Amino acid sequence: MDPRTEIKLHTGNRIPVMGVGTWQLTSDTADTIATALNLGYRMIDTSGDYGTQPGIADGIRRSGVERAGFYLVTKVEEVGDAYHATRKNLDELQLDYADLMLIHRPPRTGAGDDLWRSLIRAKEDGLTKDIGVSNYSIELIDTLIDATGEVPTVNQIEWSPFGHSNDMLRYAREKQIVIQAYSPLTRTKRLRDATLAKIAAKYGKSPAQVLIRWNLERGTVPVPKANQPQHLEENIDVFDFDINGDDLEALDGLNERYSSLGTLPYV
């Protein structure tokens, strides 16, 4: 496994095993993205409401990486016309297509069947290669599938040893839905945990690197955010060690459904 390793989606397309997140990355966005791509990151995660897409477009240009050399994930919001929002996102990113377009969160009522149908249309029209959801529960995903027959390729959710769901993991594997992990570093809130620190010291790695590696070992796709070159370098330096079974179980045992946002919306 290395930064270029990919996971096969149920559509036959492939997604990199990790990426870089851009939530709140509104300062030096272009430099950060150019640095990330030049360090070997091959996936960028953004959204129409992050305010980062014009800077990402600039960073991609500065990096010199061709379109086929990176994977772009962006999102539409839970209100409005998802097809129109897809086009607007692509205009901001100065791209002809996204690799993955997600519904950012469920609407206040229902599962967002109309949003989902609009993303299906966007995929059919070549605006995105794959479509998925974010912050969705099992029940809401089932509602979308029942309404359209279209299974999301990805559910992007907050996911770390401290907050995850075995039920969601089993369901995702059954449906061949990839779990993409946002805030895999708990927004730094749990990096000083004693068990995590002990395991990190054992492998000569930082707590953040162990959290990222835990995701890789479990088959989930982390998208940690970093806005400093040293953190970008640290986060991608996770492909030279394996966590043994006992330590993986110890990390699994840290689960208390913790969320940096207060609650895990998919549980």
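**Close-up views of a predicted model**

**Figure 1. The second largest pocket.** The second largest pocket holds about 260 Å³ of space. Its lining counts 17 residues, with Glu6, Arg14, Ala68, Phe70 and Tyr71 closest to the centre. Two elements each give two or more residues to this lining: β2 (14-16) and β7 (128-134). By class, the lining has 8 charged, 6 nonpolar and 3 polar residues. This is a predicted model: local features need pLDDT of at least 70, side-chain atom pairs count only at pLDDT 80 or more, and totals for chains, interfaces and linings use all residues. Residues are numbered from 1 along each chain as its sequence is written, and side-chain values use heavy atoms, without hydrogens and water.

Terms: on a 1 Å grid over the protein atoms alone, a pocket is an open set of points where a 1.4 Å probe fits, with protein on both sides within 12 Å along at least five of seven lines; lining residues have an atom within 4 Å of a point. Grid points are joined across faces, edges and corners, and a volume is the space filled by probe spheres set on the points. Ala, Val, Leu, Ile, Met, Phe, Trp, Tyr, Cys and Pro count as nonpolar, Asp, Glu, Lys and Arg as charged, and the others, Gly among them, as polar. Helices (H or I, at least four residues) and strands (E, at least two) are DSSP runs, numbered from the N terminus.

**Figure 2. The largest pocket.** About 780 Å³ of space lies in the largest pocket. Its lining has 34 residues; Trp23, Tyr182, Ser183, Arg187 and Lys225 lie nearest the centre. Helix α9 (residues 229-236) gives the largest share of the lining, 3 residues. The classes are 14 polar, 13 nonpolar and 7 charged.

**Figure 3. Glutamine 94, a residue with positive phi.** Most residues other than glycine have a negative phi. Glutamine 94 has a positive phi, near 55°. The residue sits in the loop between α3 (82-93) and β6 (98-103). Glutamine 94 is exposed, at 54% relative accessible area (exposed means over 50%, buried under 20%, with a 1.4 Å probe and protein chains only).

Figure 4. Threonine 186 is not a glycine, yet its phi is positive, about 55°. Threonine 186 is buried, at 1% relative accessibility.
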